[in-house]
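My notes follow in the sequence I took them.

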Amino acid sequence: MPQRTDLYTVLYSYAKKNQSPRINMETFIFFLEKYSQRICEDKPEWKKWTEGTGTKVWMDVNHLAEEGKVLITNNEKGNHLYFSHYYVEQVKESYRNADEESDMPFPSETSLNIEIPRDQIRPMDIITDFVQFLENPQEEPLPVIKLIFPHERGSALVLASMIPFTLLEFSILKARNYLLKHGNREYVQRKLAPQLIGKDDHLLEILDQIMIRPEECRNDLKNGREASFHFWGHFCSLVKFDLNQKKDLLEEETGALQAIYIIEACCSFFKARAARAKEIELAFKNFELEMETPPYFFSREDIARFKDNKGVLLLGIYTQEGLDAYIKKRTTEPVTPEELPDFLFFHTEDGKSWLVKKNKVLTLCARLFTETRPLVIKAITKRWKKMIREFSRESAMEEDRDFERLIASYVNKFAPVLRALLNDRLLYLVHEETVSSEKGIPESSRLFNRDELLPLRSLLLLKRKQLYSDIKLLMPFWYSVPIISNIIAFFVNLGKKKKIWQEEETSVTENESEDPLKKLRSMATAEVTKLVPSGQTLETFLEELISRWGQLINKKARDNLVEDVNSLVRDKLRQMLRLQKHLVVNQDTLTKMADSILDTSKGLMKIGEQNALYLYIKLYLVKLLVNRIVT
């Protein structure tokens, strides 16, 4: 009997002694009581079974039955117990001295002198079924598996829990034993050297590894080391070819051949898994590249449509669960505790979540500022032109604070993602982290002054006075002459109650056909497409041209220079419109006006990049003409 006295161990020892998993409970209880009484003086741990044996046994048996380890049956011959794990324990016990028995074949029903019922064992062909089992690991309802080897090389009993790592380790031990016998190591080294030309060091390293550190061989295969796959592929082919030519094998040769079949199947599995892991790794690299492309912010639906450079959906390479786990890790685990994670989520007011890569957050802001600026200008222009026509005013025309609120309302409307970014504290953290980095941020590109976000009018490069002045310039001249406008306003508002201006959220459609300058606008719009490069807007191209000819270190001096040029252009246009009521806008007209402006201002001739300045003047003229009738 065993040294341990728990009922499970005692039952197994009793069943093994009787060579049957079926146990008569009355006979067993009688035996346990008498046996315990006989040895309890020498082994006090058995004393617990000397009194009340039946009650204690049935109490423990019920617990074992609940765990599925035993099955209780009743018939006319009395109570019986079937020890369900009998064969499992038999197989487990046969591997306890696997290292010492590495010169023997794997345990089988024949070597263990047992016959496992068919409903308690799963036969598995080593070449076909075993590989499929490795590729689709599922909880095996039958814990005992019978591996069947080809060419009548026997079978092996293993437990599902041993596959693949423990079984692979035992197989490598048998391969080591094969190399140790009959000079096989020297023979293998000589045979494999021509097939591994230029890899002699790897060959010697792995052969030494098998002899001294076999567990490292298993780990190399598990971790997908390419050199290991290469070696074992040639080694297994060589041993199979040599041993399968023999009709009668020694026991140690049979064990080695069985081990080779197992190693070969495991290599195939691990190699496929390593290739799959590389494919998934590459897919996530492509995912990272997609995150760095415009528009830089993506919903989950957008991410699900990411493709590689061959047009294959990335979600078909990695799984949805793998993608979710990857995003969760990248949004919660920073590289260092002092840094933010590489990916960040921003949430808009409509409940949508947008994923942005940290190093693209500021780029995204700049892009959204560029896209939002013309929309805000257009909306304010439409609003103020309508008010001017009605001889009305609002505080946003006079006060920066109210002008800022007006801009914010349009940003909320036209750019909810930008609004979400500006409202999120993460933007400040990203900004400060970038400022502290080696590259830093240029002073002109900073979004915060200390810990306060700069005003929207500064971020969008909007000047209240200039915008209001430009709008008035594009209106008929009497709206800009205080005396005339006041007289007209007096008669317009005579007898009417004071009108309170409210912004209308819905667009107001104006009948352009009644505007005498409709044709002028159409001609100017046509010139825009000729002068502005494809892929750019009028506003962005103007800013680009300014950066070419307005190269001044002092930002204030640069702004003053730009304003001076703009003023000259506006004055020239005003003169032309007064002199020519039916002005024709074409390349010839724009060229003459630009030449006239440059000729009448010697200061402009001193500016470098004259070509950029010349094109800027023409484009700014077009801008004024287009906006003149846009409502």
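Predicted model: local features only at pLDDT ≥ 70, side-chain atom pairs only at ≥ 80, totals over all residues.

At what angle do the axes of helix 7 and helix 10 cross? I find that the axes of helix 7 (residues 165–180) and helix 10 (residues 214–222) cross at roughly 130°. They come within 9 Å. The two helices are therefore oblique to each other. I noted the hand as well: helix 7 passes helix 10 in a right-handed crossing.

Next I listed who makes this contact. Helix 7 brings Phe165, Leu168, Glu169, Ile172, Leu173 and Arg176. From helix 10 come Pro214, Cys217, Arg218, Leu221 and Lys222. I sorted the contact by class and got seven nonpolar, no polar and four charged residues.

**Whole protein**

I then stepped back for the totals. The protein has 27 helices and 11 strands. Of its 631 residues, 45% are buried. I also checked contacts between residues at least 6 apart in sequence; 64% of these join residues at least 24 apart.

**Sheet 1-3-2**

Which strands stand at the edges of this sheet? I first confirmed that three strands form an open, antiparallel sheet in the order 1-3-2. The edges are strand 1 (22–24) and strand 2 (70–75), and each pairs on one side only. Neighbouring strands are turned by 25° against each other on average, direction ignored.

I followed one pairing in detail. Strand 1 and strand 3 (residues 78–83) are antiparallel and share three bridges. Asn24 stands opposite His80 of strand 3. Helix 1 (residues 7–18) packs on this sheet and touches strand 1, strand 2 and strand 3. Its direction makes about 95° with that of strand 3. I also found helix 3 (residues 53–66) lying across strand 2 and strand 3, at about 115° to strand 2.

**Sheet 4-5-6**

I turned to another open sheet of three strands, with the order 4-5-6 and mixed pairing. Strand 4 (121–125) and strand 6 (155–159) each have a single partner strand, so one side of each is left without a neighbour in the sheet. The twist averages 30° from one strand to the next.

Five bridges hold strand 5 (residues 144–148) and strand 6 in an antiparallel pair. Ile148 has Ser155 as its bridge partner in strand 6. I saw helix 4 (residues 86–94) pack on the sheet, touching strand 5 and strand 6. Its direction makes about 105° with that of strand 6.

Is Lys146 buried or exposed? This lysine lies in strand 5. I read a relative accessible area of 18% for Lys146; the cut-off for buried is under 20%, so Lys146 is buried. I looked up its contacts, leaving aside neighbours within four places in sequence. They are Glu109, Ile121, Arg122, Pro123, Met124, Ser155, Ala156 and Leu157.

**Hairpin of strand 8 and strand 9**

Strand 8 (residues 343–347) and strand 9 (residues 353–357) run antiparallel, joined by five bridges. I noted Leu344 opposite Val356 in strand 9. The hairpin has five residues between the strands, and Gly351 takes a positive phi near 90° there.

**A covered helix**

How many residues of helix 17 are buried? I count six of the eight in helix 17 (residues 416–423), which is mostly covered. They are Val417, Leu418, Arg419, Ala420, Leu421 and Leu422.

I kept one rule in mind: most residues other than glycine have a negative phi, and most peptide bonds are trans. Then I searched for departures.

Ile163 and Pro164 are joined by a cis peptide bond, with omega about 0°. Pro164 sits in the loop between strand 6 and helix 7. Pro295 is in the loop between helix 12 (251–291) and strand 7 (297–298).

I found Tyr296 in the loop between helix 12 and strand 7. Tyr296 has a positive phi of about 80° although it is not a glycine. At 12% relative accessibility, Tyr296 is buried.

My last stop was Arg450, in the loop between strand 10 (448–449) and strand 11 (452–453). Its phi is positive too, near 60°. Arg450 counts as exposed, at 74% relative accessibility.

Technical notes: Residues numbered from 1 in each chain as written. Heavy atoms only, no water. Axes fitted to C-alpha atoms, helices over the stretch in contact; angles between N-to-C directions. Helix = DSSP H or I, 4+ residues; strand = E, 2+ residues; numbered from the N terminus. Parallel < 35°, antiparallel > 145°, perpendicular 65-115°, else oblique. Left-handed = near helix turned anticlockwise from the far one by under 90°. Contact = heavy atoms within 4.5 Å. Nonpolar A, V, L, I, M, F, W, Y, C, P; charged D, E, K, R; others polar. Pairing = 2+ DSSP bridges. Buried < 20%, exposed > 50% of the residue type's maximum accessible area, 1.4 Å probe, protein only.
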